[in-house]
Amino acid sequence: MKPKIISKLIEPHLIKQAFKLQIHRHGMRWSLEDFRGILNSDCFWACFITSAVNNFSYRLRGFIILNVIGEESEILSISVNSKERKKGTGGYLIKQAINFSMSQKVKSIFLEVSKTNRPAIRFYYRHSFVYVGLRKNYYRFSSTNKKDAMIMCLHL
């Protein structure tokens with residue numbers, strides 16, 4: 001089944017699916033209202049990939065959220081449903097973000113990833129991102145559970 005790109009008018013059930021996937025993949029970063037606000041804002045670009053469940057609803061396969069500021073963009077979140085891993089969904093999302101960034105005359109795309117998330121780091125290296133810095137204790141899961149974030153960049 002071919003992926004479908006949803007426009008800015010994202011169906012409410014897909015926003016809820018994306019929010020749940022965001023929490024599952026990355027832990028709590030935003031409230032549902034913050035997440036809705038980001039997706040409906042003109043300051044952010046998002047791409048959702050879905051598969052039809054029936055004639056009336058879709059199942060979320062993955063999504064990416066990008067913030068563009070001047071000549072730089074930042075991937076705020078990229079998540080792929082675990083059933084869609086290793087099927088090209090993440091790569092497709094990255095390519096869409098690159099294409100959109102290029103259309104906006106962006107010169108660099110940044111992201112941060114937990115230093116311990118080896119599969120994600122390998123994925124970003126395969127898509128030509130390079131390591132540019134480290135944020136110590138950036139992810140705070142509790143007062144004692146903190147993880148460093150690698151900052152990565154793709155120069156366009």
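1. Phe 100 is partly exposed, with a relative accessible area of 22%, whereas Trp 45 is buried at 17%. Here buried means under 20% relative accessible area, exposed over 50%, and partly exposed in between (1.4 Å probe, protein chains only). The model is predicted: local features need pLDDT of at least 70, side-chain atom pairs count only at pLDDT 80 or more, and totals for chains, interfaces and linings use all residues. Residues are numbered from 1 along each chain as its sequence is written, and side-chain values use heavy atoms, with hydrogens and water left out.

2. There are three aromatic pairs in the structure. Rings of Phe, Tyr and Trp (its six-membered ring) pair if their centres lie within 6.5 Å; planes under 30 degrees apart count as stacked, over 60 as edge-to-face and the rest as tilted. The pair of Trp 45 and Phe 100 is stacked, because the ring centres are 4.8 Å apart and the planes lie at 10°.

3. Phe 123 and Tyr 124 form an edge-to-face pair, because their ring centres are 5.4 Å apart and their planes lie at 70°. Both Phe 123 and Tyr 124 are buried. Together with Phe 129, Phe 123 and Tyr 124 make up one aromatic cluster.

4. Ser 73 is buried, at 2% relative accessibility. Its side chain is joined to that of Ser 101 by a polar contact of 3.1 Å (a pair of N or O atoms within 3.5 Å; within protein, one must be able to donate a hydrogen and the other to accept it, and residues adjacent in sequence count only if both atoms are side-chain atoms).
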